[in-house]
Amino acid sequence: MGDVMRVFMLGWEFPPFISGGLGTACYGLTKAMDQLGIKVTFVLPALIRSEYVTHVKLLTPASMMSAGRLMKFGELKNVTFHAINSLLQPYSTPDVYQRQIEETLRLKQQNRGAAVSFVGGVDYSRDMAAEVRRYAAVAVELARNEVFDVVHAHDWMTYPAGIAVAAMSKKPLIVHVHSTEFDRSGEHVNQMIYDVERQGMHAAAKVIAVSYFTRSIIIGRYGVSGEKVEVVHNGVERSSNGGWSLDETGIKKDEKIVLFLGRITMQKGPEYFLAAAKKVLEVMDNVKFVMAGSGDMMHRAVEMAAGLGIGHKVLFTGFLRGEDVQKIYKMADLFVMPSVSEPFGIVPLEALDNDVPVIISKQSGVSEVLRHALKVDFWDVNEIANKIVAVLKYAPLKMTLRSYGNFEVRRLSWKDSAAKCLRIYEEALAAAYC
Amino acid sequence: MASICFYFQVHQPLRLRHYTVFDKDNHYFDDYKNAFICRKVANKCYLPANRLLLDLIRRLDGRFKVAYSLTGVLLEQLQLYAPEVMSTFDALAETGCVEFLAETYYHSLSFLYSRDEFLEQVNKHTETIASLFGQKPRVFRNTELIYNNDLARLIESMGQFDAIISEGADHILGYRSPNFVYRPQNCSKLKLLLKNYALSDDIAFRFSNRAWSEWPLTAEKFARWISNVNGNGYVVNLFMDYETLGEHQWKDTGIFDFMGRLPYEILKHPDNNFKTPSEIVACYEPVGTVDVPHLISWADTERDLSAWLGNAMQSNAIYELYRLEKKIKTASDDKILTDWRRLQTSDHFYYMCTKYFADGDVHKYFNPYGSPYDSYINFMNVLDNLHNRCSGGAAGAVSRELSQSKNQHDLQTVN
């Protein structure tokens, strides 16, 4: 072990293809590690298309292994990327995976003879559990050619790979829990996923939780000893947005906008947002509620809005990226995150960074780091509505939340998170060699 | 010689209940919480402290004296929830060694926003004290010792006060000592008593602080510090919240033992004695005038108004509150007037303070809300309801100011 820490990181998507908080966190953390001079070998699953990769032929049976070395990512000096060709995606579930694999195979059959769009002749595994194991095997082969001090794996699909790489290399494993199966599925947990998560946490030398909220789930639901579970809160990437212009939005000045931004899934509590909207509209008229995002509860949310008789007041935008996100923040008077169970929740930080005050659920990790936010129980629809009305109605409240909140967010930097991770690596290494 | 003047501030606010924009009734206050806290503080502080001081007065044959400022909102609560405390105050009043001071009945910031309202509240308070304890207050103290030249002028012009009390802040005194009697700028009769904040805070804030180099503070040590004043002043004004005894400094810190010993230790020195504010005023002439053009208070290290008016929410809430004065008073409905006045208690604005939100220190201890934002929202919802009541509108018509004012016009023409 030299002076410079070297990390084998099993992570997720990078810009511009980011679908949620997991990708944002991996990117923010890695970028900050790069600035701290930590050497990172970043491995991620991706559908590899030839235009994005320079191939590295691995000395392994091609039918089983295929990996590509991505070109250097912009300004990151100390990070090298490897993409493993796989259909694994953040927030995927076994059912979704199943549909995806069938679709992919169908496509492949259609394109037989035509230019192959995937690198190497990959055989994806038929089910998700097997694919996770296949991913682990490829990761181990990849790791054989790399030099590193610790293995850092983000969320459950990479845990088996983390365990395997750590075992092969005899380096300590750190697993980073961005969400648990209990957050995603409530009490209807998928046993396979739970088992994988549990195994990863128990095999790890250190477990990093994104909040105390998540730490208590890890200890309480997964039986992990509290001593090895550390909390590293997420940071926020400061956007360099310019001024505030209302004209470009085409929204009437006297019309207030309340924003929900995130996946429309059980975990995010979209039904509480709509129920609160209904109550707000009982006492105010000039408000529109915007739901930006997609997810498996999208259709139910649309139906629910119609059922409540507020269909004309609720706009669904679908999934938004990049510039569109900035635009929606410029329009919004208020951001609401009524998550049922939110391990962290980066979006409120982004909202504050964009000068939008926030209401967040107390059942979220981010409420541990934010003071200048309004906090509610996700189920307390009356109180959510009460607070929405107050922000829209009382300008000094909005102003104070916005200015103090924006100031507070500046102190939450990924650099601090990265520095904490570094300390955890050092502790894990010290424990491993004594 | 050194005269020691103890004055205790006794106050409990009427806390609001959780009141949302959907609430429509006229019941704003959290009776359960207020009763609970009143009884708790009565048991921890008011009862044992009153008994202790009464006992000291009797044992020392009247050589121990104190002054109190009891707010109207506290007295109302004591009568309702802890009447036994009232009888111990009666007993204290009967000793002749206890002076009661005047202030605004509702512990309000009315001096800053409405002179009329301020005078009405001061008169209401002095009348209440006179009827309860048989003495008409001759010394005035304003809420949180908020003070400037204008206040002193106003108080002098009322013609019923001999002195006014304020904070002995360094930036108004400069090199001068608070251990003298002064005259407010532009006043000809009124005298000014200034708090010796160093010695007062040794008891009120530092008494149980183990990180303090003088910990533990014994009565002997404190009496020595007091005697050191001899030759450099003739009065030591020890002003503090009464809740220091047993509530801020818990019983197990030894605060009651300290207070029980202190008068004996102080009186060991033949030059020392205890005096009430009125006795101080009768005894000593001013040594100079003190000019306070800008407002000061006894709060925090800044000694300014930022704890109550430091952010946009606070200024907005209090501005909106006093803007209703005319409407409230023309409505001539006692219930509405009382509710409006109860909303003036300074604590409501203190809860909205974001200054120390980060550190979660002393401000948090007194705050029934999870955050300053929650307290602002709650207050504004209540105020909105009150506004509707005095506008003659139905109590349920909410947020009309914001959306269509159509309703409002309709209702007003009906009137």
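Modeller: A helix here is a DSSP run of H or I at least four residues long, and a strand is a run of E of at least two, both numbered from the N terminus. In this predicted model, the loop between β4 (139-141) and α6 (149-158) of chain B is the place of B:E144.

Colleague: What makes A:D355 partly exposed, and where is it found?

Modeller: The loop between α11 (347-353) and β14 (358-361) of chain A holds A:D355. A:D355 has 15 C-beta neighbours inside 10 Å, so it counts as partly exposed. A:D355 also has a positive phi, near 65 degrees, and is a residue other than glycine.

Colleague: Why is A:V236 assigned to its burial class?

Modeller: A:V236 has 24 C-beta neighbours inside 10 Å. Because the cut-off is 20 or more, A:V236 counts as buried. A:V236 sits in the loop between β9 (229-231) and β10 (256-261) of chain A.

Colleague: Which residues are in contact with A:V236, its neighbours within four places in sequence left aside?

Modeller: They are A:I346, A:L349, A:E350, A:D353, A:V409 and A:L412. Contact here requires C-beta atoms within 7 Å.

Colleague: What describes chain A as a whole?

Modeller: Chain A has 14 helices and 15 strands. Of its 434 residues, 51% count as buried. Among its contacts between residues at least 6 apart in sequence, 71% join residues at least 24 apart.

Colleague: How do you know how α3(A) and α4(A) pack?

Modeller: Two packed helices are described by the angle between their axes and the distance between the axes. For helix α3 (residues 128-144) and helix α4 (residues 159-169) of chain A, the axes come within 8 Å and cross at roughly 35 degrees. The crossing of α3(A) past α4(A) is right-handed. From α3(A), the contact is made by A:V132, A:R133, A:Y135, A:A136, A:A139, A:V140 and A:A143. From α4(A), it is made by A:P160, A:A161, A:A164, A:V165, A:M168 and A:S169. By class, this contact has eleven nonpolar, one polar and one charged residues.

Colleague: Which residues of helix α2 of chain B are buried, and what covers them?

Modeller: In helix α2 (residues 72-81) of chain B, the buried residues are B:G72, B:V73, B:L74, B:L75, B:Q77 and B:L78. Their cover includes β1 (2-10), α1 (31-59), β2 (66-70), α3 (83-94), α5 (115-133) and α15 (334-342) of chain B.

Colleague: Where is the cis peptide bond at B:P216?

Modeller: The cis bond joins B:W215 and B:P216, with omega about -5 degrees. B:P216 lies in the loop between α8 (197-204) and α9 (219-227) of chain B.

Colleague: How many residues are in contact between domain 1 and domain 2 of chain B?

Modeller: The domain assignment gives domain 1 as 2-290 and domain 2 as 310-411. In that contact, 24 residues of domain 1 touch 20 residues of domain 2. The domain 1 side divides into ten nonpolar, eight polar and six charged residues. Taken over C-alpha atoms, the centres of the two domains are separated by 28 Å.

Colleague: What confidence does the predictor give?

Modeller: The complex has an ipTM of 0.86 and a pTM of 0.87. Chain B averages a pLDDT of 91, and 92% of its residues score at least 70. Over residues 394-415 of chain B, pLDDT stays under 50, and the model has 28 contacts beyond four places in sequence for that stretch.

Notes: Residues are numbered from 1 along each chain as its sequence is written. Chains are lettered from A and ligands numbered from 1 in the order in which they are written. This is a predicted model: local features need pLDDT of at least 70, side-chain atom pairs count only at pLDDT 80 or more; totals for chains, interfaces and linings use all residues. A residue is buried if 20 or more other C-beta atoms lie within 10 Å of its own, exposed if 12 or fewer, and partly exposed in between; C-beta atoms are placed from the backbone. Two residues are in contact if their C-beta atoms, placed from the backbone, lie within 7 Å. Axes are lines fitted to C-alpha atoms, for helices over the stretch in contact, and angles run from 0 to 180 degrees between N-to-C directions. A crossing is left-handed if the near helix is turned anticlockwise from the far one by less than a right angle, and right-handed if clockwise. Ala, Val, Leu, Ile, Met, Phe, Trp, Tyr, Cys and Pro count as nonpolar, Asp, Glu, Lys and Arg as charged, and the others, Gly among them, as polar. Domain bounds come from an automatic or database domain assignment. pLDDT is the predictor's confidence in each residue, from 0 to 100.
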